[in-house]
Amino acid sequence: MSTAQKPRIGITLGDLNGIGPEVVIKALGDNRLLNLVTPVIYGSARVITFYKKLLNIEEFNYTQVRNKGQFAPKSINVVNCWEDTIEVNPGKATPETGKASLTALQQACEELKEGLIDALVTAPIDKHSVHSEAFPFKGHTEYLTQFFGAQESLMFMVSDSLRVGLVTEHIPVKDVAAAITKERIEAKLRLMEQSLRKDFGITKPRIAVLGLNPHAGDGGLLGQEEEKIIKPVVTEQKNKGKLVYGPYPADGFFAAGSHSKYDAVLAMYHDQGLVPFKTLAFEQGVNFTAGLSIVRTSPDHGTAYALAGKNHADESSLRHAIYQAHDIFKHRNEPSTEK
Ligand SMILES: NC(=O)C1=CN([C@@H]2O[C@H](COP(=O)(O)OP(=O)(O)OC[C@H]3O[C@@H](n4cnc5c(N)ncnc54)[C@H](O)[C@@H]3O)[C@@H](O)[C@H]2O)C=CC1
Ligand SMILES: NCC(=O)COP(=O)(O)O
């Protein structure tokens, strides 16, 4: 694709019984997006029609893709990823919709690999119903990391006011401390710094690192990870001239608004980073998988089954995910941006 053309953004519907189809339809209902990107929905026209009727949305037109990779440039394109009729029951977790969400994801990833689309936005899957022999992963992040052949990736939650990356992602809390190693923190810091430069155009990024234990260990009284692992990594980074600071106690850090002094924050585990992120930036927040050869974003929420089919789901995060995928794709492909 030449950079003058609009990026073709693949959008998977996620679990058909969750809020994925609703937020996709509502976000794309804003026609201004068509001036910027060519959206390609991976899923099923039948499911889209079902939700259009259920939610009473009339202003949403699309073109079904008949020939692989041939997309209508000024339209919302829909790729039908399965032939059979899958029963849609909003709010209900089922193995069938788990399987369908995987089929759409796999097809989108294949077409991304083939260069038929330029970036991927994924609506939420139900990690439990999709988990199977065919998908032995904890989520999209782990699947995409393997599919696109990366050694490591970074779960990077991004918004205009806050960026938070994670050292450990989808693992039980009981396993977190053992997973906090010098090598893993270094790898995540490297990915975060590269992404801030390459994807966000920040020449000399400032990064804050959080501690693991209460009060960042209180000098070793409340845990040794800060003294033995995290501080030495931060010191080494500083000695290399990197603007890396910490480790900071996580609670007071956000309470004092200290995150606004940094381009990104590295959290040690999922909820340590995502609780403040979602509290401060839920609607604008986007989940970005940094460190891959391709661009993938998603909204920062899940299937929200309790809201499905009720027209109560907020589509802002999905819309931001599309804009963010566009911006990062452009950043990576415009010759003038920082690499
Ligand atoms: N990227 C992905 O595919 C993700 C998938 N999930 C999956 O989603 C399922 C449910 O996860 P939960 O932890 O309950 O998180 P959730 O994000 O689905 O729901 C958390 C709370 O936020 C509300 N909420 C979520 N999205 C909203 C929206 N767009 N508008 C208004 N309110 C919204 C929900 O009603 C609920 O009260 C799980 O199966 C999980 O695996 C969760 C996060 C990411
Ligand atoms: N809470 C973030 C999250 O679960 C991201 O999941 P995924 O993008 O890896 O599927």
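Reader: Starting with K26 and E22: buried or exposed?
Author: K26 and E22 are both buried, where buried means under 20% relative accessible area, exposed over 50% and partly exposed in between, with a 1.4 Å probe and protein chains only. This is a predicted model, in which local features need pLDDT of at least 70 and side-chain atom pairs count only at pLDDT 80 or more, while totals for chains, interfaces and linings use all residues. Side-chain values use heavy atoms, leaving out hydrogens and water, residues are numbered from 1 along each chain as its sequence is written, and chains are lettered from A and ligands numbered from 1 in the order in which they are written.

Reader: What do the side chains of K26 and E22 form?
Author: A salt bridge, at 2.8 Å from N to O. The term means a side-chain nitrogen of Lys or Arg within 4 Å of a carboxyl oxygen of Asp or Glu.

Reader: Where do K26 and E22 lie in the fold?
Author: Both are in helix α1 (residues 20–28), 4 residues apart, so about one helical turn separates them. Helices (H or I, at least four residues) and strands (E, at least two) are DSSP runs numbered from the N terminus.

Reader: How many salt bridges by that rule?
Author: The count is 15.

Reader: What about K188 and E169?
Author: Their side chains meet in a salt bridge at 3.3 Å, N to O. K188 is in helix α7 (residues 182–198) and E169 is in the loop between β7 (163–166) and α6 (176–179), so the pair ties together parts 19 residues apart in sequence. K188 and E169 are both buried.

Reader: Which residues are linked in a network?
Author: D30, R32, E315 and R319, through salt bridges. Within the E315 and R319 pair, the closest N and O atoms are 3.3 Å apart, and both residues are buried.

Reader: Switching to ligand 2. What surrounds it?
Author: K127, G139, H140, T141, M155, H170, H270, L274, N287 and R296, each with a heavy atom within 4 Å of the ligand.

Reader: Which side chains have an N or O atom at 2.8 Å, 2.9 Å and 3.0 Å from a ligand oxygen?
Author: H140 at 2.8 Å, H170 at 2.9 Å and N287 at 3.0 Å. A polar contact here is a pair of N or O atoms within 3.5 Å.

Reader: How much of ligand 2 does the protein cover?
Author: The protein covers 88% of the 310 Å² of accessible area that ligand 2 has on its own, by the Shrake-Rupley method with a 1.4 Å probe.

Reader: Which elements give two or more residues to the shell?
Author: α5 (140–147) and α10 (270–281).

Notes. Polar contact = N/O pair within 3.5 Å; in protein donor to acceptor, adjacent residues only side chain to side chain.
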